[in-house]
Amino acid sequence: MTTPPDNAASLAEARFAALLDAAVDAILVISDSGRIETFNRAAEALFGYSADEIRGKNVSVLMPEPYRSEHDGYIKRYLETGEKKIIGIGREASARQKNGDFFPIDLSVGEIRHAGERRFVGIIRDISERKENARMIRQQQERLEHVMRLGTLGEMAAGIAHEINQPLTAISTYAQAAKRLINSGQLDDERLLEILDKTGTQAERAGQVIRRIRNLARKRPAKRERHDIHTVVEEVIHLAEVDTHLHNVSLEQHLPGSLPLAWIDPVQIQQVVLNLIRNAIETSPGANHVVVSAYKRNKEEVVIDVSDDGPGIQPDLLSEIFNPFFTTKEQGTGMGLSISRSIVTSHGGRLEARNNETGGATFSVVLPTAVSKKND
Ligand SMILES: Nc1ncnc2c1ncn2[C@@H]1O[C@H](COP(=O)(O)OP(=O)(O)O)[C@@H](O)[C@H]1O
Ligand SMILES: [Mg+2]
C-alpha cells in the first residue's frame with residue numbers, strides 16, 4: 001500500500017513533468033556543479049539533444065566560447081559571493097546547438113534551494129526570428145536613408161557642378177598664366193612656384209568637394225563610433241555651402257573649439273544636419289540667413305541647432321512635419337524630417353522643432369554624449 005505522502009510526491013512530480021513538457025520555452029535544471037538534471041521537450045527540439053543523452057553533461061556544452069570555458073567559474077563565483085549577475089535579471093545570449101550552430105536566445109535563470117542543496121533553472125527562448133526581423137528592418141531603413149542621401153545629392157547637382165567648376169576654371173587660368181610666363185622667356189622661378197602652389201590649392205578644393213560627396217553617396221552599413229561633433233558639423237557645413245552659395249543664403253556657424261565626443265554614425269548625422277539646412281533654404285519665402293551652432297547642454301547632452309529666418313512653422317503643423325510624406329512643397333517628398341528623426345532617435349537622442357521669437361524656425365538635434373553612454 002502506498003502512503004499518502006508518496007502519492008502527493010508522485011502527483012507533484014507528474015504535474016511538474018507535464019508542465020515542463022507543455023512549455024513552449026526550453027527549460028532546464030542544473031546542479032550547483034553545472035550538470036544537467038532536467039531537459040524538457042522544448043529544449044530537446046531547440047538544441048537537438050535528447051534528454052537522455054544530455055542528462056549529466058555540463059550545461060556549458062550548450063554555450064559558445066568564451067562562456068563555455070568560463071561557465072563553471074561563473075557558478076563558483078556566485079556560490080562564493082552570492083553576487084547575482086544573471087539570476088532574476090535575464091539577458092540576451094547566444095546558445096549552441098548539437099550540430100554546432102549558434103542562435104540568439106533570451107535567457108532567464110532562477111535558483112532552487114532545497115534541503116541544503118542548490119540548483120539553477122534556466123528558461124530559454126529562441127529569438128532568431130525577432131533578431132532577423134530587427135535586422136531586416138534596420139537594413140531597409142539603411143537602404144531608405146541611402147536612397148534619400150542620393151536624392152539629396154541629386155537635388156544639389158547644380159550647386160555641386162558649380163562648386164567644382166570654380167576651382168577647375170581657376171586651374172585652367174593658372175595653367176595659362178604659367179604658359180605665358182614660360183613663353184615670355186623671363187622665367188621667374190618664384191612666380192612659377194607661386195602659380196603652381198595656387199593650382200595645387202584649387203585642385204585640393206575640388207578634391208574636397210568630391211570627397212565629401214563620395215562620403216555621403218557611399219552605400220555602407222551604419223556604424224557607430226566615438227566622434228567629434230565639431231568635425232562632423234564642419235564637414236557638413238562645407239557641403240551645404242554648395243547650396244547656400246547657389247541660393248544666396250548666408251550660412252553662419254558657431255562651433256566652440258571643444259565639444260564633447262558623441263557615439264554616432266557621422267554620415268547619418270551629417271545627413272540629418274544637411275536635411276535641416278536644406279529645409280531652411282527651401283522655405284518659402286526663402287531664408288536669408290541660416291545659423292548652425294553646436295554646444296554642450298550638460299554632461300549628458302550635446303546639441304546641434306539649425307536656425308533660420310524664414311517664415312517659421314505654422315503652430316498647428318509643429319507635430320505633423322515629422323510624419324512621413326508630410327510636405328508643404330510642390331516637389332517635396334516629406335521624408336526628410338521623418339528619416340532624420342528616426343536616425344536621431346536610434347542614436348538615443350531627440351530631434352525637436354520650435355519657432356523663434358524673432359521669426360523663423362530652429363531645429364535641434366540633441367545627442368547623448370559619449371560619456372553618458374553606458375552600454376550598447
Ligand atoms: N526650417 C523650416 N521652416 C519652416 N517649415 C519647415 C522647415 N523645415 C521643414 N519645414 C516643414 O516641414 C515639412 C516637411 O519637411 P521634410 O520632412 O524635410 O520634407 P520636404 O522637405 O520634402 O517637404 C516641409 O514641407 C515644411 O512644411
Ligand atoms: Mg526636406
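Helices (H or I, at least four residues) and strands (E, at least two) are DSSP runs, numbered from the N terminus.

Before going on, a note on the source. This is a predicted model, in which local features need pLDDT of at least 70, side-chain atom pairs count only at pLDDT 80 or more, and totals for chains, interfaces and linings use all residues. Residues are numbered from 1 along each chain as its sequence is written, while chains are lettered from A and ligands numbered from 1 in the order in which they are written.

**Entry: Leu 46**

I picked Leu 46, which is in helix 2 (residues 41–47). Leu 46 counts as partly exposed because it has 19 C-beta neighbours inside 10 Å. The scale: 20 or more other C-beta atoms within 10 Å of a residue's own is buried, 12 or fewer is exposed, in between is partly exposed, with C-beta atoms placed from the backbone. Leaving out residues up to four places away in sequence, Leu 46 touches Ala 26, Ile 124 and Asp 126. A contact here takes C-beta atoms, placed from the backbone, within 7 Å. I also took a distance to Gly 154, 108 residues along the chain from Leu 46: their C-alpha atoms are separated by 50 Å.

**Entry: the chain as a whole**

I counted 10 helices and 12 strands. The radius of gyration is 31 Å, well over the 21 Å that the globule rule gives for 376 residues, so the chain is more spread out than a compact globule. That radius is taken over C-alpha atoms, and the rule is 2.2 Å times the number of residues to the power 0.38. The C-alpha trace spans about 120 × 60 × 35 Å along its principal axes. Of the 376 residues, 24% count as buried.

**Entry: strands further along**

Strand 9 (residues 289–296) pairs antiparallel with strand 10 (residues 301–308) over seven bridges, and a hairpin of four residues joins them. Val 290 has Asp 308 as its bridge partner in strand 10. Strand 10 also pairs antiparallel with strand 12 (residues 361–368), over seven bridges, where Val 302 stands opposite Leu 367.

Next I looked at strand 8 (residues 261–264): Ala 262 and Ile 264 make its covered face, Leu 261 and Trp 263 the uncovered one. In a regular strand the side chains alternate between the two faces of the sheet. Strand 6 (residues 225–228) runs antiparallel to strand 8 and is joined to it by four bridges, with Glu 225 partnered by Ile 264.

Most residues other than glycine have a negative phi, and most peptide bonds are trans. I found a cis bond between Glu 65 and Pro 66, omega about 5 degrees, and another between Ser 284 and Pro 285, omega about 0 degrees. Pro 66 is in the loop between helix 3 (51–54) and helix 4 (67–81); Pro 285 is in the loop between helix 9 and strand 9.

Asn 248 has a positive phi, near 60 degrees, and lies in the loop between helix 8 (229–247) and strand 7 (250–254). Phe 325 has a positive phi of about 70 degrees and lies in the loop between strand 10 and helix 10.

Technical notes:
Pairing = 2+ DSSP bridges. Contact = placed C-beta atoms within 7 Å.
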